[in-house]
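Here's a quick briefing to read alongside the model. Have the sequence and the 3D view open while you go through it.

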Amino acid sequence: MSMPRYRVRVEKFVRDGETHIFPIPPPGVTEYYVVGYYDDEAEIEVGARETEIEMLRRELEDLKRRVSELEKAVMPRATA
Amino acid sequence: MPVRIAPPAQEMRLKFAREIPGVLTYTLGASGNLLTVEIDRMRYVLDVAKADSVGKQNMNYPDRAYAFDGDLDTTGSFLTTDSLTYVPGDAGVDMGRVDGYLVYFKVGYYNQSTADTYVAFEASPDLANWYALWSARTNYSTEQISTAHFYVTSYRAFRFVFRTGRSGVSAAMRTYEIAVFRI
């Protein structure tokens with residue numbers, strides 16, 4: 001399962017004299033992995049859960065489409 | 001600054017931000033306390049108990065040695081925070097110099113209410129600048145466990161940080177292991 005990659009901006013903040021550099025992930029992303037930092041940007045991969053959710057959404061859309069197609073196929077017979 | 005980590009799966013593919021000649025792909029699997037790394041069809045078994053980080057001082061909490069005891073199953077009590085900004089987690093290690101490291105971690109985290117807990121794994125080249133390599137958030141009130149691995153060449157120190165997403169609601173985390181192998 002390949003994970004989607006995003007090029008995102010990074011935010012920097014200072015706390016207790018240390019500078020922290022964090023990617024700003026797309027909305028809704030709950031887990032990400034950093035592939036690399038490039039100046040003010042970072043390339044990240046979103047977590048397996050997001051990937052799984054996306055796959056399930058696609059499967060759900062496919063199922064909805066199939067149900068719709070089957071319903072259309074059945075309807076004429078039911079009303080004939 | 002090649003970095004790549006993988007999801008908490010039995011077998012995790014690891015790539016590089018910059019291609020390393022001769023290394024197209026490598027996978028890492030975890031079984032018990034052993035990590036199996038396969039590079040170009042050559043298989044290497046890494047024993048967490050023999051990681052270069054074992055026995056190192058925990059730079060965040062010196063009294064919490066479990067994160068560097070070489071055992072993926074041992075951990076300690078949850079560390080909690082009400083801070084809305086990141087604070088040090090329960091574990092961190094300074095390997096002393098920038099080098100090529102394979103880093104594997106296992107961490108548990110949850111939120112004591114229904115707010116978000118944010119936990120991040122950071123790496124530093126100089127102990128002054130800390131780059132997030134991995135981050136997760138959860139609003140579950142039961143412990144979520146994540147594992148990940150990286151191959152890095154630009155860092156010397158590694159640690160967890162965490163925070164809560166809502167004032168007055170505690171975030172909780174604990175490290176099982178940060179295993180660092182000098183490669």
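Residues are numbered from 1 along each chain as its sequence is written, while chains are lettered from A and ligands numbered from 1 in the order in which they are written.

**The turn in chain A**

- Asp16(A) has a phi near 55°, which is a positive value in a residue other than glycine.
- Asp16(A) is exposed because it has 7 other C-beta atoms within 10 Å; the cut-offs are 20 or more other C-beta atoms within 10 Å for buried, 12 or fewer for exposed and anything in between for partly exposed, with C-beta atoms placed from the backbone.
- Strands 1 and 2 of chain A run antiparallel and are joined by six bridges; two strands count as paired if DSSP finds at least two bridges between them.
- Arg15(A) has Glu18(A) in strand 2 of chain A as its bridge partner.
- The hairpin these two strands form has two residues between the strands, and Asp16(A) is where the positive phi near 55° turns up.

**Where chain A meets chain B**

- Strand 2 of chain A pairs with strand 8 of chain B in the parallel sense, over three bridges.
- In that pairing, Thr19(A) has Asn129(B) in strand 8 of chain B as its bridge partner.
- Leu127(B) lies in the loop between strand 7 (117-124) and strand 8 (129-138) of chain B.
- The phi of Leu127(B) is near 70°, again a positive value in a residue other than glycine.
- Leu127(B) is exposed, because 12 other C-beta atoms lie within 10 Å of its own.

**Chain B overall**

- Chain B has 10 strands and zero helices.
- Of the 183 residues in chain B, 43% are buried.
- Taking contacts in chain B between residues at least 6 apart in sequence, 68% join residues at least 24 apart; a contact means that two C-beta atoms, placed from the backbone, lie within 7 Å.

**Strand 10 and its partners**

- Strand 10 (residues 171-182) of chain B has 11 of its 12 residues buried, so it is largely enclosed by the rest of the structure.
- Strand 6 of chain B runs antiparallel to strand 10 of chain B, with 11 bridges joining them.
- Val103(B) has Val180(B) in strand 10 of chain B as its bridge partner.
- Strand 5 (residues 79-81) of chain B also pairs with strand 10 of chain B in the antiparallel sense, over three bridges.
- Thr80(B) stands opposite Ala172(B) in strand 10 of chain B.

- Val93(B) belongs to strand 6 (residues 87-111) of chain B.
- Val93(B) is buried because 24 other C-beta atoms lie within 10 Å.
- Ser53(B) is 40 residues from Val93(B) along the chain, yet their C-alpha atoms are separated by 7.4 Å.
- Met59(B) is in the loop between strand 4 (42-47) and strand 5 of chain B.
- Met59(B) counts as partly exposed because it has 15 C-beta neighbours inside 10 Å.
- Leaving out neighbours within four places in sequence, Met59(B) is in contact with Gly92(B), Val93(B), Asp94(B) and Arg159(B).
- Met59(B) and Tyr86(B) are 27 residues apart in sequence and 16 Å apart in space, C-alpha to C-alpha.

**Confidence**

- Chain B has a mean pLDDT of 83, with 82% of its residues at 70 or more; pLDDT is the predictor's confidence in each residue, from 0 to 100.
- Within chain B, confidence is lowest in strand 1 (residues 11-14), at a mean of 36, and highest in strand 5, at 97.
- Residues 1-24 of chain B have a pLDDT below 50, and this stretch has 66 contacts in the model beyond near neighbours in sequence.
- Where pLDDT is low, the predicted coordinates should not be read in detail.
- For the complex, the predictor gives an ipTM of 0.79 and a pTM of 0.78.

Methods
This is a predicted model: local features need pLDDT of at least 70, side-chain atom pairs count only at pLDDT 80 or more; totals for chains, interfaces and linings use all residues. Helices (H or I, at least four residues) and strands (E, at least two) are DSSP runs, numbered from the N terminus.
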